[in-house]
Number of protein chains: 2
Amino acid sequence: MNGLHLTAELNECAAKALLAEPAALRALCLAAVAEAGLTPVGELFHHFAPGGGITGVVLLAESHLAVHTWPELGAVTLDVYVCNLSADNSGRAERVVAALEAAFAPGRRHGQRLQRGTPAGRR
Amino acid sequence: MNGLHLTAELNECAAKALLAEPAALRALCLAAVAEAGLTPVGELFHHFAPGGGITGVVLLAESHLAVHTWPELGAVTLDVYVCNLSADNSGRAERVVAALEAAFAPGRRHGQRLQRGTPAGRR
């Protein structure tokens, strides 16, 4: 199954409310997915404690978005994984990451880009 | 936020029921997480159609496990992401992937190991 997995670690995030308010984080994630043209099929957000971190996922027809926040550190990690079975969803994945990063407004960030799938000719 | 993210693409899976039965897949994932000593805080499994693929996640105190299945292709993709904030959970992540791979019994597999976090000295 070929696909693209984007990860990002965001630090010194200016948008502190998004890191500690599940409803705001959920709305942001669903809006980013919809605006990118991806298809949500379920979502789950867990709040570890009032004012504390959140772990959330949006399940997609194309795979998933996952977000973890640490408001006490101003830190967020992002994953957007899209399979490219019936269409190339790479551009959509890039748009989700860009929208989320713009919203969190990190002072510094580190992203990685993982091509997934079995390399040609390899068993 | 430093952490380890393991991915795997499994093909020619012998354990076909696990790819198309959400209850069986859910039980497998929760057992693998528990046996590895990780802490589930929520889970969500979506079945695309009877006999069809499943997308599932287990949210963890340590981050998440995600599984996507394509029974029509005999294919599964796995993600286990653990943050190493208060403890090194790398060995636990390895154990989850090993347990899931043993259960799916793929004819071929391709795994990747992604170290996550902001590299030292980089902004």
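The model is predicted: local features need pLDDT of at least 70, side-chain atom pairs count only at pLDDT 80 or more, and totals for chains, interfaces and linings use all residues. Residues are numbered from 1 along each chain as its sequence is written, while chains are lettered from A and ligands numbered from 1 in the order in which they are written.

**First stop: chain A**

Select chain A and colour by secondary structure. Chain A has three helices and six strands; helices (H or I, at least four residues) and strands (E, at least two) are DSSP runs, numbered from the N terminus. Followed from the N terminus, the order is β-α-α-β-β-β-β-α-β. The C-alpha atoms of chain A fill a box of roughly 50 × 30 × 25 Å along the principal axes. Of its 123 residues, 42% count as buried, meaning that 20 or more other C-beta atoms, placed from the backbone, lie within 10 Å of the residue's own.

**Second stop: where the chains meet**

Display both chains. The contact takes 31 residues from chain B and 31 residues from chain A; two residues are in contact if their C-beta atoms, placed from the backbone, lie within 7 Å. On chain B, strand 1 (3–11), strand 2 (40–47), strand 3 (54–60), strand 4 (63–70), strand 5 (75–83) and strand 6 (108–116) each supply at least two residues of the side that touches chain A. That side of chain B divides into eleven nonpolar, 14 polar and six charged residues. Here Ala, Val, Leu, Ile, Met, Phe, Trp, Tyr, Cys and Pro count as nonpolar, Asp, Glu, Lys and Arg as charged, and the others, Gly among them, as polar.

Select residues 22–36 and 90–104 of chain B, which are helix 2 and helix 3. They pack at an angle of about 145°, with their axes 9 Å apart; axes are lines fitted to C-alpha atoms over the stretch in contact, and angles run from 0 to 180 degrees between N-to-C directions. Helix 2 contributes residues including L28(B), A32(B) and V33(B), and helix 3 contributes residues including V96(B), A99(B) and L100(B). By class, this contact has eight nonpolar, no polar and three charged residues.

**Last stop: E62(B)**

Centre on E62(B), in the loop between strand 3 and strand 4 of chain B. E62(B) is buried because 27 other C-beta atoms lie within 10 Å. Leaving aside neighbours within four places in sequence, E62(B) is in contact with L38(B), T39(B), V82(B), C83(B) and N89(B).

Methods
Buried ≥ 20, exposed ≤ 12 C-beta atoms within 10 Å, placed from the backbone.
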